[in-house]
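Thanks for coming. I will walk through one structure today, and I will keep it short.

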Amino acid sequence: LVSGFHGGWGSSSLMGDGYDALVLSVPRYVTVGKPTRSSPTMKNVNEGKGLFAPAVVVTRNIVGKKTFNQLRGKAIALHSQVITEFCKSIGADGKQRQGLIRLAKKNGERLGFLA
C-alpha cells in the first residue's frame with residue numbers, strides 16, 4: 001500500500017502566520033435557535049378546487065359542519081357498498097375492490113366533492 005501523503009500534520013500550509021488569525025476570527029460556539037415547526041392541519045389540499053366544490057361549500061355552510069360531515073359519511077359508506085356489490089357481481093377480489101375505492105376517493109377530491 002503506497003500513499004501519496006509525504007509529510008506531517010504540522011507542515012500544512014495553513015499552519016503559519018495567517019492560521020492564528022484565522023482561528024481567532026472564527027467563533028468558538030455557535031448558538032442555534034429552537035427549530036420551529038408549523039402545526040399540522042387537517043385541511044383538504046383541494047379546498048375550493050373542482051367543479052362541485054362551490055356547491056359543497058355552500059351546502060356545508062347552510063346545513064352546518066356537523067350535519068354535513070354526518071351526511072358525507074353516510075354518502076361515502078353507501079358509495080363503498082355500491083362498489084363492494086359491483087365487485088361481487090363481476091368477481092373482483094378484495095385488492096381490486098380497495099383499488100376502486102381509492103380511485104373513487106381520488107376522483108371525488110379532484111371533482112371537489114371532498115372540499
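Which residues in H3 are buried? Please keep in mind that this is a predicted model. The buried residues of H3 are Phe 68, Ile 83, Thr 84 and Cys 87. They pack against two other helices, H2, residues 53–63, and H4, residues 94–111.

Now the helix as a whole. H3 runs over residues 65–90, which is 26 residues. From its first C-alpha to its last, H3 reaches 37 Å, close to the 38 Å expected at 1.5 Å a residue. Just after H3 comes Gly 91, with a positive phi of about 80 degrees.

Let me step back to the chain. There are four helices and zero strands, and along the sequence the pattern reads α-α-α-α. Of the 115 residues in the protein chain, buried residues make up 10%. The chain exposes about 10200 Å², and carbon and sulfur atoms supply 62% of that area. As for contacts with a separation of 6 or more, 61% are accounted for by residues 24 or more positions apart.

Next, side-chain pairs. How many salt bridges does the structure hold? The structure holds one. Lys 88 forms a salt bridge with Glu 85, and the closest N and O atoms are 3.7 Å apart. The cut-off here is 4 Å, so that pair counts. Both Lys 88 and Glu 85 lie in helix H3, three residues apart, about one turn of the helix. An α-helix has 3.6 residues a turn, so residues three or four places apart point the same way. Is Lys 88 buried or exposed? Lys 88 has a relative accessible area of 59%, so it is exposed. Glu 85, at 48%, is partly exposed.

The last item is aromatic rings. A search of the whole structure finds one aromatic pair. The rings of Phe 52 and Phe 113 have their centres 4.6 Å apart and their planes at 15 degrees, so the pair is stacked. Where do the two residues of the pair lie in the chain? Phe 52 is in the loop between helix H1, residues 17–25, and H2, while Phe 113 is in the segment after H4. They are 61 residues apart, and the pair links distant parts of the chain. Phe 52 is partly exposed, with a relative accessible area of 34%. Phe 113 also counts as partly exposed, at 41% relative accessibility.

That is the end of my part.

Key
Residues numbered from 1 in each chain as written. Predicted model: local features only at pLDDT ≥ 70, side-chain atom pairs only at ≥ 80, totals over all residues. Heavy atoms only, no water. Expected span 1.5 Å × (residues − 1). Buried < 20%, exposed > 50% of the residue type's maximum accessible area, 1.4 Å probe, protein only. Contact = heavy atoms within 4.5 Å. Salt bridge = Lys/Arg side-chain N within 4 Å of Asp/Glu carboxyl O. Areas by Shrake-Rupley, 256 points an atom, 1.4 Å probe, with all protein chains shown as cover. Phe/Tyr/Trp six-rings, centres within 6.5 Å; stacked < 30°, edge-to-face > 60°.
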